[in-house]
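Dear colleague,

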Amino acid sequence: MSTVLAFDYGEVRIGVATGSSEVGIASPVETIACVENDKKFARIEALIKEWQPTLLVVGLPCYLDGTEHDMSRLARKFANRLNGRFSLPVHLVDERLSSAAASSALNETGLRGRKQKTALDQVAAMQILQTYFDTPPAAG
């Protein structure tokens, strides 16, 4: 089984999800909520040791028209740091509308408004990972 960890990067909160590439189903794991990079990466290291993924996926935020913005640059920097620290391949996935889809999914479970805050980022990471699983690899 090939495990994949996915991240919905934010400057304060990072949503984390996992899934098996064989089954192709993503599940939320947790939200890492802290500002200090050392604490964020210590928790990510613990998750990598626990889950032992073969691949990491990071959501790449873009405007609706596909152009990148400041958070895109920060997400790319985060992806590069993951690769450098953990020597695992990192795949970027377009995350347009992942937070909206996550919020909609949480609404369907009855979790609305402020109550979504603790779960939203990890469910967004789950949406990002599911997009990765559902998107066929580019031919080349």
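Is leucine 47 buried or exposed? In this predicted model, leucine 47 has a relative accessible area of 0% and therefore counts as buried, the cut-off being under 20%. Leucine 47 belongs to helix H1. Apart from its neighbours within four places in sequence, leucine 47 is in contact with Leu5, Val16, Val29, Glu30, Ile32 and Gln52.

The next point concerns the packing of two helices. Helix H1 covers residues 37-51 and helix H2 residues 70-86; their axes are 12 Å apart and form an angle of about 55 degrees. H1 is therefore oblique to H2. The crossing of H1 past H2 is right-handed. On the H1 side, the residues that meet H2 are Asn37, Phe41, Ile44, Glu45 and Ile48, and their counterparts in H2 are Phe78, Arg81, Leu82, Arg85 and Phe86. By class, the residues of this contact comprise six nonpolar, three charged and one polar.

Finally, I would draw your attention to serine 72, which is located in helix H2. Its relative accessibility is 0%, so serine 72 counts as buried. A polar atom of the serine 72 side chain is 2.4 Å from the backbone oxygen of proline 61. When residues up to four places away in sequence are not counted, serine 72 touches Leu60, Pro61 and Cys62.

With kind regards

Technical notes:
Residues are numbered from 1 along each chain as its sequence is written. This is a predicted model: local features need pLDDT of at least 70, side-chain atom pairs count only at pLDDT 80 or more; totals for chains, interfaces and linings use all residues. Side-chain values use heavy atoms; hydrogens and water are left out. Axes are lines fitted to C-alpha atoms, for helices over the stretch in contact, and angles run from 0 to 180 degrees between N-to-C directions. Helices (H or I, at least four residues) and strands (E, at least two) are DSSP runs, numbered from the N terminus. Angles under 35 degrees count as roughly parallel, over 145 as roughly antiparallel, 65 to 115 as roughly perpendicular and the rest as oblique. A crossing is left-handed if the near helix is turned anticlockwise from the far one by less than a right angle, and right-handed if clockwise. Contact means heavy atoms within 4.5 Å. Ala, Val, Leu, Ile, Met, Phe, Trp, Tyr, Cys and Pro count as nonpolar, Asp, Glu, Lys and Arg as charged, and the others, Gly among them, as polar. Buried means under 20% relative accessible area, exposed over 50%, partly exposed in between (1.4 Å probe, protein chains only). A polar contact is a pair of N or O atoms within 3.5 Å; within protein, one must be able to donate a hydrogen and the other to accept it, and residues adjacent in sequence count only if both atoms are side-chain atoms.
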